[in-house]
Amino acid sequence: MMKSHRKYLAGAGALALLLAAAAADAAPPAGRLLAAQCAQCHGTNGQAVGGMEKLAGESESEIYGELIKMKANIKPGEIMHRQAAGYTDAQIRLMARYYATGGKTTATGTPTPSSNTGDSRRRKSHDD
């Protein structure tokens, strides 16, 4: 009788671990779905190719600040200004954090403990 309880407990424990792992994978990092639009020009995960500006690893505050400026100052001939205007400030913050951490954020948008918050070097703005 005791052996069957141990088997039951071991099975239940394994199932609990499996369900916890599946739940952790269920929610994508915050900002990833929002940033999918950016991949068309800036590359998957912000690793741009073909002369476009890379976003991966750039400073969260730099990305956020540039997008907020673009959103506030829409220029008819500039695609980025129109793109930025379609997002709330909170959504822009999530995308900036996503790229600054290399996608290592939780589903709530907080950086994971091992993530890098990006370098602080000034990057060339679309308006520079």
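Rings of Phe, Tyr and Trp (its six-membered ring) pair if their centres lie within 6.5 Å, and planes under 30 degrees apart count as stacked, over 60 as edge-to-face and the rest as tilted.

**View 1. The aromatic pair of the predicted model.** By this rule the count comes to one aromatic pair. The ring centres of Tyr98 and Tyr99 are 5.4 Å apart and the planes stand at 70 degrees, so the pair is edge-to-face. Both Tyr98 and Tyr99 are buried, where buried means under 20% relative accessible area, exposed over 50% and partly exposed in between, with a 1.4 Å probe and protein chains only. This is a predicted model, in which local features need pLDDT of at least 70 and side-chain atom pairs count only at pLDDT 80 or more, while totals for chains, interfaces and linings use all residues. Residues are numbered from 1 along each chain as its sequence is written, and side-chain values use heavy atoms, with hydrogens and water left out.

**View 2. The crossing of helices α4 and α6.** Helix α4 (residues 60-72) and helix α6 (residues 89-100) have axes that come within 8 Å and cross at roughly 145 degrees; axes are lines fitted to C-alpha atoms, for helices over the stretch in contact, with angles from 0 to 180 degrees between N-to-C directions. Helices (H or I, at least four residues) are DSSP runs numbered from the N terminus.

**View 3. Arg93 and the ring of Tyr64.** The charged end of Arg93 sits over the Tyr64 ring, 3.6 Å from its centre, a term that requires NZ of Lys or CZ of Arg within 6 Å of the ring centre and within 35 degrees of the ring normal.

Technical notes:
Helices (H or I, at least four residues) and strands (E, at least two) are DSSP runs, numbered from the N terminus.
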